[in-house]
Amino acid sequence: MNGALLRNLLLFGRVLRTLGLDVNPGRMIDLVTALEFISIGSRSDFYHAARGLLVHRREDIPLFDEAFEVFWRSRGRKLTSLDLRALGERRRFRRPRFVPPPLVEESMASTSQSTNASDEPPLIQATLTYSEREVLRQKDFSDLTAEELKAVQWLMAEIVWRVRERRTRRRRPGHGRLIDFRRTVRLNLRYGGELLDWAEREPKSKPRPLVIIADVSGSMERYTRLLLLFTYGLAKALEQRVEAFVFSTRLTRITRQLKERNLDRALREVSHTVPDWSGGTRIGEALRTFNFEWGRRVLGSGALTLVISDGWDCGDIGVLREEIARLQRSSRRLIWLNPLLGSPEYQPLTRGIQAALPFIDDFLPVHNLASLEDLAEHLANLTEHRPERRQVSIRSALPSPSSASRS
Amino acid sequence: MTVASIDALQAALRGQRYFASRGLATTMFLSLKLRRPLFLEGEAGVGKTEVAKVLADLLQTELIRLQCYEGLDVHHAVYEWNYTRQMMHIRLLESRGDRPTEAELFGPEFLLRRPLLQAIEDNGKKPPVLLIDEIDRSDEEFEAFLLEILSDFQITIPEIGTIKAAQPPAVVVTSNRTREVHDALKRRCLYYWIDYPTFESELQIVLAKVPEAPAKLARQVTGFIQELRQAELYKVPGIAETLEWTAALVALDRDALDETIIVETLGVVLKYQDDVEKVQGEAVTNMLNRVRAGV
């Protein structure tokens with residue numbers, strides 16, 4: 001292989017790495033080896049060889065294609081990887097088109113300005129008295145002052161999240177009804193063919209994955225901040241996979257952004273990713289996107305789905321009904337969390353909620369700390385059995401709200 | 001047979017009535033040459049499993065298939081001891097007043113060979129084709145285990161020792177992408193995403209696989225399926241469905257599509273009630289008109 005080609009290949013590998021593809025020197029060596037077997041004159045063969053070795057996710061194929069196009073087309077011109085870097089950045093770090101809702105650090109900044117007490121360390125969690133805690137626990141998230149918000153954050157971090165495990169098909173040595181023949185034979189070798197001691201196996205359990213789909217549209221604005229915090233907290237606290245999505249007019253996956261270790265950075269990342277904060281709500285369309293693009297990939301292994309929304313919907317109700325029904329069928333349990341459910345006079349009368357109710361397994365409030373604690377308890381005490389579901393036709397007339405349980 | 005070039009491979013595949021795109025043929029060719037597993041992803045029914053079958057025919061070797069499922073473990077994937085035989089052996093020796101040693105009880109003759117062990121063990125024949133089907137159905141534990149086998153092609157059985165493949169088998173791993181398979185595993189493989197075929201190549205497949213179908217019917221069915229793939233369906237029909245539908249219509253002695261027969265036989269193609277409801281009445285007429293205009 002001539003030196004110029006090798007150099008170009010390695011440069012190409014570097015460009016791909018900058019674009020976020022998983023390319024390492026080992027793969028590059030493979031590619032060089034592979035080129036011995038194909039005729040390098042054929043552009044298409046070279047393309048497929050490089051793609052087969054350097055790409056292993058379908059999402060990355062378009063990115064690879066673009067990079068390939070740009071990199072290997074204009075051989076005559078002087079190449080830099082500058083425009084390619086820009087190409088990667090445009091995709092991955094899009095500027096927000098809407099102003100994100102005020103985040104924690106901003107509200108903190110404003111508090112410290114107004115009270116002028118920025119040099120005092122925030123020792124709120126230690127100084128809260130019992131009755132103060134109690135008041136905070138019951139206070140609706142939307143009524144919190146900036147200072148209370150900080151306190152609530154601390155208290156939220158104290159909630160212990162645990163989701164009832166599911167039994168898997170895998171077994172491990174233990175006490176169960178299944179006989180571990182391998183160990184049994186070994187145990188009984190000394191008895192000469194008489195099986196006296198039996199070794200058993202028991203099912204292994206595993207945590208259920210959790211999928212959170214949260215509404216960040218205009219009507220939810222007052223809750224968004226804390227509910228994002230709640231989502232972040234859950235993703236951090238649970239050992240299992242937690243997939244998170246937000247929507248108002250369209251659906252955005254924020255799982256990757258929430259992996260950030262630092263809370264403020266995570267929230268900032270999220271706010272940069274989501275293009276439509278506080279827009280209108282189209283729950284049906286958002287759920288459809290979820291069902292089509294993500295459902296089959298993230299709802300395996302008996303996943304629990306949490307939808308957080310107040311049910312105000314300006315989209316097509318028929319679509320909402322269809323998609324929520326599908327979502328319920330693909331989830332082990334579908335839990336709808338509604339902040340409005342906290343107020344005693346609330347009646348689930350909006351069209352959105354009316355359409356969705358028959359397909360929800362649990363309809364629970366999320367408006368204050370106490371309701372989050374209840375949710376934690378609910379998740380920890382789920383039964384092993386499938387939730388009982390009534391057969392509801394998607395095309396049926398308005399259903400009665402009583403068919404969903406309300407705690 | 002040994003494969004000399006990508007063109008030769010593509011032609012040989014065509015001889016087996018498998019129509020691989022140039023990209024797939026290139027990736028397969030390299031997987032054979034570099035002795036790396038081939039990782040195929042794509043929607044259900046685009047012919048992923050078929051690749052392994054055809055490859056085995058082509059190389060004139062055995063196909064060993066491992067169907068994955070949740071909870072698949074070493075006892076079902078690699079090896080298991082034949083307990084009944086072991087017990088019998090103990091009893092037999094007992095009656096002669098003898099006792100078996102552990103080494104003889106856990107020897108090769110009491111070993112049940114499961115697919116992965118079969119694929120790796122040297123039995124003097126050509127290296128087989130190992131198909132690990134629907135890996136996305138297995139769990140992370142099995143994936144991690146597979147990682148070890150696919151990198152070294154060796155298996156350690158504590159009682160016997162390490163068994164290493166003299167010649168590694170050709171490995172084909174398929175996934176329907178119902179969950180993401182871990183990158184570490186994919187990294188060891190050559191990756192190819194099999195897309196739905198174009199009208200021309202799908203027609204070619206239909207004509208080759210259902211030779212008794214009239215040309216007009218084959219064109220119409222293929223056209224209609226291509227239309228269905230444009231519609232917003234939850235589960236889009238694959239090539240397998242196209243073939244089945246053609247065969248079904250041939251069995252019903254049809255030589256062309258019409259609204260009635262489409263609605264009556266739609267169950268062959270669409271497997272979700274929601275989707276069936278979407279393809280009714282006017283939608284069918286519209287699609288059929290477009291198909292007729294195109295044919």
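Two residues are in contact when heavy atoms of one lie within 4.5 Å of heavy atoms of the other. Keep that in mind as we walk through this predicted model, starting where its two chains meet. By that rule, chain A brings 49 residues to the contact and chain B brings 54.

How much area do chain A and chain B bury between them? The answer is about 4900 Å², and 48% of it is on carbon and sulfur atoms. On the chain A side, three arginines deserve a look: A:R170, A:R182 and A:R296 supply 16% of the area that chain A buries against chain B, more than any other three residues. Charged partners also face each other here, with twelve salt bridges found across the interface of the two chains. To see a salt bridge for yourself, find A:D45 and B:R22, whose side chains meet with a distance of 2.5 Å from N to O.

Now let's turn to chain A as a whole. Its 407 residues include 49% that are buried, and the chain holds 17 helices and nine strands. If you take the contacts in chain A between residues at least 6 apart in sequence, 77% of them join residues at least 24 apart. The accessible surface of chain A comes to about 20600 Å², with 51% belonging to carbon and sulfur atoms.

On that chain there is also a nonpolar surface patch of about 280 Å², made by A:I179, A:F181 and A:W198. Where does A:W198 lie? Look in the loop between α10 (181-188) and β2 (200-206) of chain A.

Our last stop is in chain B, at strand β8, which spans residues 170-175. Six of the six residues of β8(B) are buried, so the strand is largely enclosed by the rest of the structure. The side chains of β8(B) point two ways: B:A170, B:V172 and B:T174 go one way, while B:V171, B:V173 and B:S175 go the other, and all are buried.

Which strands pair with β8(B)? One of them is β1 (residues 38-41) of chain B, which pairs with β8(B) in the parallel sense over four bridges; here B:L40 stands opposite B:T174. Strand β5 (residues 129-133) of chain B also runs parallel to β8(B), joined to it by four bridges. In this pairing, B:L131 has B:V172 as its bridge partner.

Terms used:
Residues numbered from 1 in each chain as written. Chains lettered and ligands numbered in written order. Predicted model: local features only at pLDDT ≥ 70, side-chain atom pairs only at ≥ 80, totals over all residues. Heavy atoms only, no water. Buried < 20%, exposed > 50% of the residue type's maximum accessible area, 1.4 Å probe, protein only. Helix = DSSP H or I, 4+ residues; strand = E, 2+ residues; numbered from the N terminus. Pairing = 2+ DSSP bridges. Patch = residues over 30% accessible without salt bridge, like charges linked within 9 Å, V, L, I, M, F, W, Y side chains within 5 Å. Areas by Shrake-Rupley, 256 points an atom, 1.4 Å probe, with all protein chains shown as cover. Salt bridge = Lys/Arg side-chain N within 4 Å of Asp/Glu carboxyl O. Buried area = accessible area lost by both parts, 1.4 Å probe.
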